[in-house]
Amino acid sequence: MKETLTYRAKENGFIINLPYGELHVSGDAQYGFRPYQLLVSAVAVCSGGVLRKILRKQRIKIDDIALSAEVTRREEGAQEIEKIHIHFKITGKNLSEQKIEKALALTRKHCSMVQSVKDSIEISETYELIDPEEN
């Protein structure tokens, strides 16, 4: 499967036109998304989407998934990404920790973005279960 994405140079970065809008990418945050932010977002959102799909297939009813991603970058040199830690907040009634942990293991295996970077970036996950009736 091959796809070509075409970017145009602009004064302070690059731009791509996609069916849902323009994406501005720049090494300077005031002119667009920074490349590392896009990479971290791809890994985190892919993981969240795959987790949601797995939970649906397993008929585990959830109300919501929110996630945050903490990124660690090397301080010197190219400042490459060393680690991405994803924290999931999963809201639903009577959720089983054991089932969520199994679903997360499957998520790691089936998320294309995690699989793409797993040999070069350390990926870790934690989660918390939130019962809507307790809040």
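These questions and answers walk through a predicted model, from its elements to a helix pair and a pocket.

Biologist: What is the order of elements from the N terminus on?

Modeller: Start with the inventory: the protein has three helices and six strands. The C-alpha atoms fill a box of roughly 55 × 35 × 35 Å along the principal axes. From the N terminus on, the elements run β-β-β-α-β-β-α-α-β.

Biologist: Are α1 and α2 perpendicular or oblique to each other?

Modeller: Take helix α1, residues 35–57, and helix α2, residues 97–110. Their axes come within 9 Å and cross at roughly 125°. Roughly perpendicular covers 65 to 115 degrees, and roughly antiparallel needs over 145. The two helices are therefore oblique.

Biologist: How many nonpolar, polar and charged residues does the contact of α1 with α2 have?

Modeller: From α1 come Ser47, Val50, Leu51, Ile54 and Leu55. From α2 come Ile100, Ala103, Leu104, Leu106, Thr107 and His110. By class, the contact has eight nonpolar, three polar and no charged residues.

Biologist: Which element gives the largest share of the lining of the largest pocket?

Modeller: The largest pocket holds about 440 Å³ of space. Of its 15 lining residues, Leu5, Tyr7, Tyr20, Leu23 and Ala42 are the closest to its centre. Elements giving two or more residues are β2 (13–18), β3 (21–25), α1 and α3 (112–117). The largest share, five residues, comes from α1.

Biologist: How do the residues of that lining divide by class?

Modeller: The lining of the largest pocket has 15 residues. They divide into 13 nonpolar, one polar and one charged.

Conventions. Residues numbered from 1 in each chain as written. Predicted model: local features only at pLDDT ≥ 70, side-chain atom pairs only at ≥ 80, totals over all residues. Heavy atoms only, no water. Axes fitted to C-alpha atoms, helices over the stretch in contact; angles between N-to-C directions. Helix = DSSP H or I, 4+ residues; strand = E, 2+ residues; numbered from the N terminus. Parallel < 35°, antiparallel > 145°, perpendicular 65-115°, else oblique. Contact = heavy atoms within 4.5 Å. Nonpolar A, V, L, I, M, F, W, Y, C, P; charged D, E, K, R; others polar. 1 Å grid on protein atoms, 1.4 Å probe; cavity = no way out; pocket = protein on both sides within 12 Å on 5 of 7 lines; lining within 4 Å. Points joined across faces, edges and corners; volume = space filled by probe spheres on them.
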